[in-house]
Amino acid sequence: RYMLDRVSNVVWGLDGQGGTGSFADYAQWEAWQVEQGRNKAKSRTGASNTKTSKAAPKKKLSYKDSRDYETIEQRIEEADAALLAKRELLNDDAVATNPKRLAELYAEIEADQSRLDDLYARWGELEALAQ
């Protein structure tokens, strides 16, 4: 657990139902898991009280969504590799000693991280639609 906190600066949590979350450390993810368990328990008791609840009809993926779903894993891998490469540049002495380049690189890393977060969110949406 503590090893994970030392080697990563972002923890991606998956809830097994298509939901994801980004967390600062493992303890924050654990707290989220507990909260998810409480929410599931509340929804189960609420669902048992309503006898006429019907399951939502399954949605079929549109053509655009199915094409997006086919390529999302590859795009996530590419975005992750690009982000990793930029993070490696932070170790370069030429970048570390140049404040202007360091600020530019940091902005690029933030933009790439945001793009990667969006891709993971989209993947979760597509997974939910596909099931």
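Buried means under 20% relative accessible area, exposed over 50% and partly exposed in between, with a 1.4 Å probe and protein chains only. This is a predicted model, in which local features need pLDDT of at least 70 and side-chain atom pairs count only at pLDDT 80 or more, while totals for chains, interfaces and linings use all residues. Residues are numbered from 1 along each chain as its sequence is written, and side-chain values use heavy atoms, with hydrogens and water left out.

**View 1. Overall fold of the protein.** The protein has five helices and two strands, where helices (H or I, at least four residues) and strands (E, at least two) are DSSP runs numbered from the N terminus. Along the sequence the pattern reads α-β-β-α-α-α-α. Of the 131 residues, 17% count as buried. Among contacts with a separation of 6 or more, 44% come from residues 24 or more positions apart; contact means heavy atoms within 4.5 Å.

**View 2. Packing of helices α3 and α5.** The two axes lie 9 Å apart, and α3 and α5 pack at an angle of about 155°. Axes are lines fitted to C-alpha atoms, for helices over the stretch in contact, and angles run from 0 to 180 degrees between N-to-C directions. α3 and α5 are therefore roughly antiparallel to each other; angles under 35 degrees count as roughly parallel, over 145 as roughly antiparallel, 65 to 115 as roughly perpendicular and the rest as oblique. The α3 and α5 crossing is left-handed, a term for a near helix turned anticlockwise from the far one by less than a right angle.

**View 3. The largest nonpolar core.** Nine residues form this core: Ile-72, Ile-76, Ala-79, Leu-83, Val-95, Leu-105, Ile-109, Leu-116 and Leu-119. Two or more of these residues come from each of α3 (63-89) and α5 (99-130). A nonpolar core is a set of buried Ala, Val, Leu, Ile, Met, Phe, Trp, Tyr and Cys residues joined through side-chain atoms within 4.5 Å. Neighbours within four places in sequence aside, Ile-109 is in contact with Leu-83, Lys-86, Arg-87 and Leu-90.

**View 4. Salt bridge between Lys-86 and Glu-108.** The two side chains meet at 3.7 Å, N to O, a salt bridge being a side-chain nitrogen of Lys or Arg within 4 Å of a carboxyl oxygen of Asp or Glu. This pair links distant parts of the chain, with Lys-86 in helix α3 and Glu-108 in helix α5, 22 residues apart. Lys-86 is partly exposed at 22% relative accessible area, and Glu-108 is partly exposed at 29%. The structure holds eight salt bridges.

View 5. Glu-104 and Arg-101 meet through their side chains at 3.8 Å, N to O. The two residues are three apart in helix α5, so about one helical turn separates Glu-104 from Arg-101. Glu-104 is partly exposed at 36% relative accessibility, as is Arg-101 at 24%. Elsewhere, salt bridges with shared partners join Asp-65, Asp-68, Arg-75, Arg-122 and Glu-125 into one network.

**View 6. Asp-68 and Arg-75.** These side chains form a salt bridge at 2.1 Å, N to O. Asp-68 counts as buried at 17% relative accessibility, whereas Arg-75 is partly exposed at 25%.

**View 7. Surroundings of Thr-20.** Thr-20 lies in strand β2 (residues 20-23) and is partly exposed, with a relative accessible area of 33%. Not counting residues up to four places away in sequence, Thr-20 touches Trp-12, Gly-13, Leu-14 and Trp-32. The C-alpha atoms of Thr-20 and Tyr-120 are separated by 7.9 Å, although the two residues are 100 apart along the chain.
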